[in-house]
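Visitor: I would like to walk through a protein model with you, one question at a time. Could you guide me through what can be read from it?

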Amino acid sequence: MTIVLKNKHTLKIKDFFFKCVIGKNGLSKSKKEGDKKTPKGTFGIQHLYFRKDKIEKPECKLRCIEIKKNMGWCDDVRYHATYNKLIKIKSKIKHEKLKRNDDKYDLIIPIKYNFKKPIVGLGSCIFIHLTKNYKPTAGCIALAKKDFLIMLKLIDENTKIKII
């Protein structure tokens with residue numbers, strides 16, 4: 001199955017269409033760290049990370065991982081070995097904190113962009129996550145919680161996302 005970003009405001013999964021939002025600066029074939037662009041291409045998806053303290057474990061076919069206080073996603077170009085990877089938070093490494101005070105990361109699925117052998121500086125922390133207000137993201141794709149929960153019932157570990 002493939003999730004398709006039909007345009008900058010619509011995700012299509014099977015016969016379902018979901019309102020979404022993408023990076024503030026649109027789409028790009030040549031993504032760079034911090035450019036606020038959503039990368040174009042076809043990518044796999046990873047596990048579901050969720051806030052057990054705020055949401056029950058959702059019904060889905062993805063591996064579910066509870067977000068802990070010390071979890072972050074490295075976006076620090078100085079640390080090649082951990083760039084664009086899940087890390088235990090250390091004060092010296094720049095990262096995207098997964099356990100946030102807002103609700104954006106109550107449910108997140110990392111998109112496997114620049115993933116297997118990440119090239120430092122090509123972009124990191126590209127997630128499917130939640131939004132309440134559809135304000136542009138830093139490069140991720142965001143959906144309303146109700147739509148995210150429907151999406152979870154449709155996808156599995158073999159699902160791809162096509163961003164065109």
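Visitor: Is Tyr-134 buried, partly exposed or exposed?
Guide: This is a predicted model, in which local features need pLDDT of at least 70, side-chain atom pairs count only at pLDDT 80 or more, and totals for chains, interfaces and linings use all residues. Residues are numbered from 1 along each chain as its sequence is written, and side-chain values use heavy atoms, with hydrogens and water left out. Buried means under 20% relative accessible area, exposed over 50%, and partly exposed in between, with a 1.4 Å probe and protein chains only. The relative accessibility of Tyr-134 is 24%, so Tyr-134 counts as partly exposed.

Visitor: Which residue lies over the face of Tyr-134?
Guide: A charge sits over a ring if NZ of Lys or CZ of Arg is within 6 Å of the ring centre and within 35 degrees of the ring normal. At 4.2 Å from the ring centre of Tyr-134, the residue lying over its face is Lys-19.

Visitor: What kind of pair do the rings of Phe-16 and Phe-18 form?
Guide: Rings of Phe, Tyr and Trp (its six-membered ring) pair if their centres lie within 6.5 Å, and planes under 30 degrees apart count as stacked, over 60 as edge-to-face and the rest as tilted. A search of the whole structure finds 6 aromatic pairs. Among them, Phe-16 and Phe-18 have ring centres 6.1 Å apart and planes at 5 degrees, so the pair is stacked.

Visitor: How many residues apart in sequence are the parts tied together by Phe-43 and Tyr-113?
Guide: The ring centres of Phe-43 and Tyr-113 are 5.5 Å apart and their planes stand at 90 degrees, so this pair is edge-to-face. Phe-43 lies in strand 6 (residues 41-44), whereas Tyr-113 lies in the loop between strand 12 (107-110) and strand 13, so the parts that the pair ties together are apart in sequence by 70 residues.

Visitor: In what order do the 3 strands of the open sheet stand?
Guide: Two strands pair if DSSP finds at least two bridges between them, and strand 9 (residues 71-74) pairs with strand 11 in the antiparallel sense over 3 bridges. Strand 10 (86-88) and strand 11 (95-97) each have a single partner strand, so they stand at the edges. The order in this open sheet is therefore 10-9-11.

Visitor: Which cysteine holds the sulfur closest to that of Cys-60?
Guide: A disulfide is a pair of cysteine sulfur atoms within 2.5 Å, and by this rule the count comes to 0 disulfides. The closest cysteine sulfur to that of Cys-60 is 3.5 Å away, which is too far for a bond, and it belongs to Cys-64.

Visitor: How far from Cys-125 is the nearest cysteine sulfur?
Guide: Cys-125 has a relative accessible area of 8%, so this residue is buried. Cys-125 is in no disulfide, and the nearest cysteine sulfur, that of Cys-140, is away by 7.4 Å.

Key
Helix = DSSP H or I, 4+ residues; strand = E, 2+ residues; numbered from the N terminus.
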